[in-house]
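Open your viewer and get the selection tool ready.

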Amino acid sequence: MRVIAINDISCVGKCSLTVALPIISASGVTCDILPTAILSTHTGGFQGYTFRDLSEDIPAILAHWKSLGLKYDIIISGYLGSIDQIEMVKSVKKDFLKEDGLMIVDPVMGDNGVLYSHFDQKFVDEMKGLCRTADVIVPNLTEACFLTDTDYKEANENSYVKIIDKLRSLCPRPSVTGCDVQTKKGVESCVFYTTEDGNVRTYSTEKIEGAFHGAGDVYASALVGCLARGVNTDKAVAISAEFTKDSIKQTKKDATEARYGLNSESQMYGYLKALHKAAKK
Ligand code: PXL
């Protein structure tokens, strides 16, 4: 099983490839990487970061891979630095995804109702186009709102299903993370997701108050790890949501600065135990 993770390298701050590579590899599958940019830190909460766009290097990297005859079972794309890179991901899918492979897009664009720096409405529109080429997309609620032209402030329990329905016009298996829902236990954090046979289901976990950078990357990487090991979507979502929640909980306990990312390392063993129990291959 061979996965390619297309994402940036934020050297500090535990997101994108510094999260995807360890989690997907530990899941027991080959994780190759295609770095889109190198930043000294990610862009959320740091000033003065460096940003080197690697677009110029990518054509030669892909030409070399073609000469090796590489093909992938799963492609997961994350943070993309430009509209050109969105086009590049589409061509990677065309040239390198096996016929029965899975294209997963994490449309990384924003959080808490706002777009990250560097992104604008034109980028959002192009990202909709990339989502149309995917089998599975994993936006957070903010990104789901931008992809469906929904006002984030208006998004609530009554509109989540409408949002996921709209996302289904882009891609057959959307899921949306970070949806607050009222349960018997109080407010919980819920994933609305779509199964292999097209049913929309939910999985909720304890909501931990606060903003935690890199949570989406931990969730998406674990989901890829699970799907790569043949775990069905119901179980894959549950395992990934629990791992993310446990990582957030530990990070809160550690009281580290949110911009330095999640302590998912300490929760990796629990994640792997759950994965190994559920894995089919
Ligand atoms: O975690 C998402 C992410 C990935 N990559 C970069 C980012 C962010 C979010 O801020 O800035 C460079």
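A polar contact here is a pair of N or O atoms within 3.5 Å. Keep that cut-off at hand, and remember that this model is predicted.

**Stop 1: the ligand.** Now pick out D8, where a polar side-chain atom sits 2.7 Å from a nitrogen atom of the ligand. Turn to T43 next: an N or O atom of its side chain is 2.6 Å from a ligand oxygen atom. At H213, a side-chain N or O atom lies 3.1 Å from an oxygen atom of the ligand.

**Stop 2: the largest cavity.** How many cavities of 30 Å³ or more does the structure hold? There are two. The largest has a volume of about 80 Å³. To centre your view on this cavity, select N7, A20, I76, A220 and S221, the nearest to its centre among 13 lining residues. Then show β1 (2-12), α1 (16-26), β4 (72-77) and α7 (215-228), each of which gives at least two residues to that lining.

**Stop 3: the second largest cavity.** This one holds about 60 Å³ of space. Select its lining, which includes V136, R173, Y193 and L223. Two or more lining residues come from each of β9 (173-183), β10 (186-194), α7 and α8 (233-254). By class, this lining has five nonpolar residues, three polar and one charged.

Terms used
Residues numbered from 1 in each chain as written. Predicted model: local features only at pLDDT ≥ 70, side-chain atom pairs only at ≥ 80, totals over all residues. Heavy atoms only, no water. Polar contact = N/O pair within 3.5 Å; in protein donor to acceptor, adjacent residues only side chain to side chain. 1 Å grid on protein atoms, 1.4 Å probe; cavity = no way out; pocket = protein on both sides within 12 Å on 5 of 7 lines; lining within 4 Å. Points joined across faces, edges and corners; volume = space filled by probe spheres on them. Helix = DSSP H or I, 4+ residues; strand = E, 2+ residues; numbered from the N terminus. Nonpolar A, V, L, I, M, F, W, Y, C, P; charged D, E, K, R; others polar.
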